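My notes follow in the order in which I took them.

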Amino acid sequence: MVAWCHGAPGIGIARLRSLRHLHDDRIREEVEVALKTTLDRGFGKNHSLCHGDLGNLDLILEASEELSDARSSFHLNRLTATMLESISENGWICGTPRGVESPGLMVGLAGIGYELLRLAEPARVPSVLALAPPYSLIRTL
């Protein structure tokens, strides 16, 4: 499984966040493996945060911000466009059995909406999957 809750995307987000505190070649290699695995096998399931495309896309967003590389930004833009097209064509696909709509954050509509807000304004909407604090709190510390 390639999902935030189980696999490369969640590990990748954790490793990316650790680079702020520990510059280590092994961690960078693990980030690269997580990115490659997620890009190769992590999309096309549902739109949820927990085990769906938007949760996996958060890894790509985190990488584009943390690593400031053109490759991650390219994939972020491409996959965001694909995600928006999927939503437009198929509606919201929750991470529940048979995609039944749910109001929840991790597998439902709240999480889908939250991540779409994050994609639109990543400087203002923190990553819930990385357990990032609100940016207003960061600015006051």
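By about how much of a helix are aspartate 40 and lysine 36 separated in helix H2? I found them four residues apart, so about one helical turn lies between them. Helices here are DSSP runs (H or I, at least four residues), numbered from the N terminus.

Before going on I noted the ground rules: the model is predicted, local features need pLDDT of at least 70, side-chain atom pairs count only at pLDDT 80 or more, and totals for chains, interfaces and linings use all residues. Residues are numbered from 1 along each chain as its sequence is written, and side-chain values use heavy atoms, with hydrogens and water left out.

**Salt bridges**

I searched the whole structure and got ten salt bridges (a side-chain nitrogen of Lys or Arg within 4 Å of a carboxyl oxygen of Asp or Glu). Aspartate 40 and lysine 36 form one of them, at 2.7 Å from N to O. Both residues are exposed; I used over 50% relative accessible area for exposed, under 20% for buried and partly exposed in between, with a 1.4 Å probe and protein chains only.

I then looked at glutamate 65 and arginine 118, whose closest N and O atoms are 3.8 Å apart in a salt bridge. This pair links distant parts of the chain, as glutamate 65 sits in helix H3 and arginine 118 in helix H5 (residues 109-120), 53 residues apart. Glutamate 65 is partly exposed at 34%, whereas arginine 118 is buried at 0%. Shared partners join Arg17, Asp58, Glu62, Glu65 and Arg118 into one salt-bridge network.

**H1 against H2**

Arginine 15 and glutamate 30 also form a salt bridge, with 2.4 Å between the closest N and O atoms. Arginine 15 is in helix H1 and glutamate 30 in helix H2, so the pair ties together parts 15 residues apart in sequence. I read arginine 15 as partly exposed at 30% and glutamate 30 likewise at 24%.

Isoleucine 27 is in helix H2 too, and is buried at 10%. Leaving out residues up to four places away in sequence, I listed its contacts (heavy atoms within 4.5 Å) as Arg15, Ser18, Leu19 and Leu22. The C-alpha atoms of isoleucine 27 and leucine 16 are 8.0 Å apart.

In helix H1 (residues 8-18), the buried residues include Ile13 and Leu16. Their cover includes H2 and helix H3 (53-67).

Methods
Helix = DSSP H or I, 4+ residues; strand = E, 2+ residues; numbered from the N terminus.
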